[in-house]
Amino acid sequence: MIIEDRNFKLKSFSKKDINSKYLKWINNKNLLKYSRNKKKIDYNSALDYLKSHDNKNNLFFKILKKKGNKVIGTFTIYIDKKYKIANLGILIGDQNERGKGFGYKIYKLVINFLFKKKKLNKIIIGTRKDNTQMINICKKLKMKFFFEERKNKKIVQNFYLKNKTSNNSVGIFLGDYGAKNQILAYLNYKKNLNINTIDKYKQSLYKFKKINIFNDLKKLIFVSDYLLIGTGNNIFEKKILKYFHEHKVISCSVIDHFSSIKERFEFKKKLYLTNEIWAFDKIVYERLPKKFDTKKKLKKNYYFNYLKENTVKKNKKYITYFTEPFRKKRGDKYRPDYYSMKYFLDNIKKISKFSKYKIQFKLHPKDSKFYIKKILSNEIKKVKASITNKKLEDVISETKYAFGLTTMALIISSKLKIPTYHCKLPNQNI
C-alpha cells in the first residue's frame, strides 16, 4: 500500500527496512522520550514488532521524502474495522528533518487518505500531556480533545477528528426515569444517530436499530462523538459522572426536574459537573444554578411533543395523584408528602365536581405500592382508590384532573391543559 502526495510517500515497512539507521532511531532516548517503550530494541524485537502488523487492521509504513527519495521516519495506523476508527502514530527519525513542520503535513495526508479512500468515521491521536509539539499538531489539524488517562504514571491526552460524511455517534447513559424519557424522546427524533450504550440500558433501547453494546467504558467513549448522561440520585450514574470528571471526558448531562439540581451532581460530598447541561423545559432551565461553571442549553422538549401526540383520549375517567418519593426527615414518622396525600384522599370526594370520577395514584418509578398502601390503607379504602404503575403517557391519557406535590408530572399535565392542582399544605416547608 502506498499513500503519497507531491512531497511525501508512505510505503509498507518491510524486513529489509530494519537496518542500522532504523535501530538507531528507535533506541534514541531523546527521540522516544514521549514513547511508552523504554526497552532497548534489537533486530529480533524490531522484527517481532513488524510481524505484529501482519494483518489488515494494523499498518506500518516508512516515510519517504520524495526530494532525494530519503527515508525520514515511520508511521503506524491501528484500524478498528467494526467501528471504522483509526489510531495514528508517527516518528520522524531523521534529526535533519525534524522541526520543519513535516509531522503536520504527513498526518494531514494520511487522514485525508483514510477518510476518502478507507471511508473511516474517526481518527484518534493519543499523546502525552507534556508533548506540546504533538498537541499543537492535533490543534492545527482541528482535532478535538475528548479523553485523558494515566499510562505508566504519565498523563495521556486523546484527540479526535470526525469524518464530515459519517453519521453522529452518541454514547448514552439513561439515568433516572425522567431523564431517561427525555433522552429516549431525543433519540427518537434524531433518527440518524448511531447509539452506543452499555448492557444495563439495552432493554430500554430495544426500539432503536443502530445500537452498539459495550462492556468497556473506555471503548464506548472512544467510539462516541459525544456522550449524554441522565441525572438523578442513582449511584451508578453518579459514578459515571465522577469517571468523566476524572478523565476530563467531554460530555453532556440531562436535567429533567426543577428540584435538588445540585444534589444530582454530588457524589460523596464532591461536585462532578459535565461540560454541558441540557434542560428540556424552561422552568428547569431557569432553575439551573448560576454558580455552575458550565454551558447550559435549553433544548426542544421532544418528550412533551410525544405525550401531546399520544395522550389524546375523550373518555377521561380518573382523578390522578402523581406521587413523588420525598425523603423522610430524621425523627419523623412519615415522609413530607404523606400529609398531602392524606389531605387529598380525605377531601377529594367532598367537592361535587370530583365526586363522579375514579381515584388513582400514579407511582413515581422509585415509589413503592406497598408503602403507599401501608401508610394510607384506610383512606384508600374509603374512596376506593387504585394504585398504578402504568406508563406516564397511558395514565395522562385517562386523567381528567391531576394532583400531586412538587413533581414534574404536574408541569407536564398542566402543559397538556389538564386541570392541575399542587397539593402543598400551608405548613409544609417544601
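Here is a walk through this predicted model, from its nonpolar cores to its strands and sheets.

Let's start inside. The largest nonpolar core has 67 residues, and Phe173, Tyr186, Leu187 and Leu228 touch the most other members. The element that gives the most to this core is helix α5 (residues 177–189), with 6 residues. Apart from this core lies another one, of 34 residues, including Leu10, Phe61, Leu114 and Ile135. In soluble globular proteins, nonpolar side chains tend to be buried together.

Leaving aside neighbours within four places in sequence, Phe173 is in contact with Ile183, Ile198, Tyr201 and Leu217, among others.

From here we can follow the strands. Strand β12 (residues 226–230) runs parallel to β13, and 3 bridges join the two. Together with helix α7 (residues 235–246), β12 and β13 make a right-handed β-α-β unit. Strand β13 (residues 252–255) also pairs with strand β16 (residues 276–279), in the parallel sense and over 4 bridges; there, Cys252 stands opposite Glu276.

Which way do the residues of β13 point? Cys252 and Val254 point one way, Ser253 and Ile255 the other, and all are buried. In a regular strand the side chains alternate between the two faces of the sheet.

Glu149 sits in strand β7 (residues 144–151). Is Glu149 buried or exposed? Its relative accessible area is 10%, and because buried means under 20%, Glu149 counts as buried. Its side chain makes a polar contact of 3.1 Å with that of Asn158. Not counting residues up to four places away in sequence, Glu149 also touches Lys154, Ile155, Val156, Lys218, Phe222 and His247.

Our last stop is an open sheet of 5 strands with parallel pairing, in the order β20-β19-β18-β21-β22. Strands β20 (386–388) and β22 (420–422) stand at the edges; each has a single partner strand, so one side of each is left without a neighbour in the sheet. From one strand to the next, the twist averages 25°. Within the sheet, 5 bridges join strand β18 (residues 318–322) to strand β21 (residues 399–404), with Tyr318 bridging to Thr399. Helix α13 (residues 408–415) packs on this sheet, touching β18, β21 and β22, and its direction makes about 150° with that of β22.

Terms used: Residues numbered from 1 in each chain as written. Predicted model: local features only at pLDDT ≥ 70, side-chain atom pairs only at ≥ 80, totals over all residues. Heavy atoms only, no water. Core = buried A, V, L, I, M, F, W, Y, C linked by side-chain atoms within 4.5 Å. Buried < 20%, exposed > 50% of the residue type's maximum accessible area, 1.4 Å probe, protein only. Contact = heavy atoms within 4.5 Å. Pairing = 2+ DSSP bridges. Right-handed = clockwise from strand over helix to strand, strands pointing away. Polar contact = N/O pair within 3.5 Å; in protein donor to acceptor, adjacent residues only side chain to side chain. Axes fitted to C-alpha atoms, helices over the stretch in contact; angles between N-to-C directions.
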